[in-house]
Amino acid sequence: MNRTYLLLATTGLLALVAVAVGLPRQKDTSHTLAQPGEAPTGIVLPPATAKAGPLTLEGKLSGAWLMAGPSEAYAVLKVRADQPREHKRVPVSLALVIDRSGSMRGQKLTDAKRAARLLVQRLGAEDRLALVHYGSDVRVFPSQLVTEETRQRMLEFVDTIEDEGATNISGGLQAAAQELRPYLRSFRVSRVLLLSDGHPTEGLVEDGELTQLADSYQHEGMAVSGLGVGDEFNERLMRGLAERGGGFYGYIQDSEKLAEILGRELEQAAGTLARGVVLRLELPEGVVDAEAMGVSARREGRTLVVPLYDLAGGQEAQVVVKLTLGLEATGAERTVLGAQLRYQDVEADRLVETALALTAKVTEDESVVRANLDREVRVHAVRALGAREMQAAAEEMKRGNRQKALGMLDNARRLFGSSAAALSGELADVDRTKAAYLNAQDETSVKREALKLHRKSLTTFGQNNSY
């Protein structure tokens, strides 16, 4: 076995044992957390920047120097869209998919129908809309331009929706894609908007099967947004649909806000500058592994592929990457991470690619590393580590593991507290969540707090595709 891999494996095993039996933790080789009595670093390094088309890619590492040998470091990458152009609106082709299964009975379906009516009213004659609703079966109003004549017929179709049947999410998605497909060449922005409150019970029922559908639609040119309604829905599935589909994810506890959320979806879709956005991270020799924290990613050999969501004017996406290293000391700059951004420029209707390299020097002197840490990356890394604890706490809350959930909230608070001046908002969020969780009187209240915490964690990771 390669000596570097053996050392890293041993370090990881010791860290796990330390957590399990309460022994002191291994030294923080990333130098991310401030040590007791340590003066905060004041260095802010300039980011590496690359721009092509309407998106700018920028990134930087933990510091100008990294530790030799087995260690860890962080990188922060941001993708930023140009500011929105005034009086510029992209015609859109949408398919609204409404769950009308029995569990939507009552106010949820009433509000879903009201939101659908408002969406129909807001679209113009240059836009296309298909309407789909499903229970056990699937019913479709075919995609049409939203003229005054078709608008009235669309509104009448919405009025006929009544709750019945099981939850055939795949049937609804497949019908929506079938309606959008013929117009992909004519419309540069096409999107499926799914409203559902439940778990799939008919058609494809496994999360992986459904998210694979969204992934295939995204590659065809159709984004997928998943909007969960009420307290009883599969947020992993809805988030997975959005992540794999390049769209947006929402947890809508108050169904009356559906109309507002759909309005924001329309604004985002109509203002889209880039779709099919993908970040590819190349791992050179000496970089053992990389984790994109809080986002969906896959490995392709020495490349970490991170799909992002469609970006409208003024929006951005941020990815914090944890790097596991086994570097040799060198006084010369060396590439630690290569980043390539690839996307479809909506206005120019062309594929755009741009790239940058993140470099650093490598030393065996820990004091040099600490003296050259980047303050901003350090804060982003701590924020991501805390967000991971928040997400884990939300899962334990849903499972009813009270002590584990509280322990993870305390872990998040300790992490945020190491950069308290910069992360005061995150500290307040954790304190509010803990207080609400302790005061929750029933299972429904606990689930609500877990869902709220899950949503906060996504924002804390730096993702801006959740409502």
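Before we go on, a word about the model. It is a predicted one, in which local features need pLDDT of at least 70 and side-chain atom pairs count only at pLDDT 80 or more, while totals for chains, interfaces and linings use all residues. Residues are numbered from 1 along each chain as its sequence is written, and side-chain values use heavy atoms, leaving out hydrogens and water.

Let us start with the whole chain. It has 12 helices and 18 strands, taken as DSSP runs (helices H or I, at least four residues; strands E, at least two) and numbered from the N terminus. Of its 467 residues, 53% count as buried, meaning under 20% relative accessible area with a 1.4 Å probe, protein chains only. Among contacts (heavy atoms within 4.5 Å) between residues at least 6 apart in sequence, 76% join residues at least 24 apart.

Now look for an open sheet of five strands, with antiparallel pairing and the order β1-β2-β4-β16-β12. Strands are said to pair if DSSP finds at least two bridges between them. At the edges you will find β1 (48-52) and β12 (287-292), each pairing on one side only. Neighbouring strands of this sheet are turned by 20° against each other on average, direction ignored. Within the sheet, β4 (residues 69-81) and β16 (residues 316-327) are joined in the antiparallel sense over 12 bridges, and Ala-73 stands opposite Leu-323 in β16. Helix α9 (residues 375-399) packs on the sheet, where it touches β2 (55-61), β4, β12 and β16. The direction of α9 makes about 95° with that of β4; axes are lines fitted to C-alpha atoms, for helices over the stretch in contact, and angles run from 0 to 180 degrees between N-to-C directions.

Strand β10 (residues 246-252) is mostly covered, as seven of its seven residues are buried.

Finally, visit Asp-345 in strand β17 (residues 330-345). Leaving aside neighbours within four places in sequence, the contacts of Asp-345 include Gly-53, Leu-273 and Arg-350.

Key: Buried means under 20% relative accessible area, exposed over 50%, partly exposed in between (1.4 Å probe, protein chains only).
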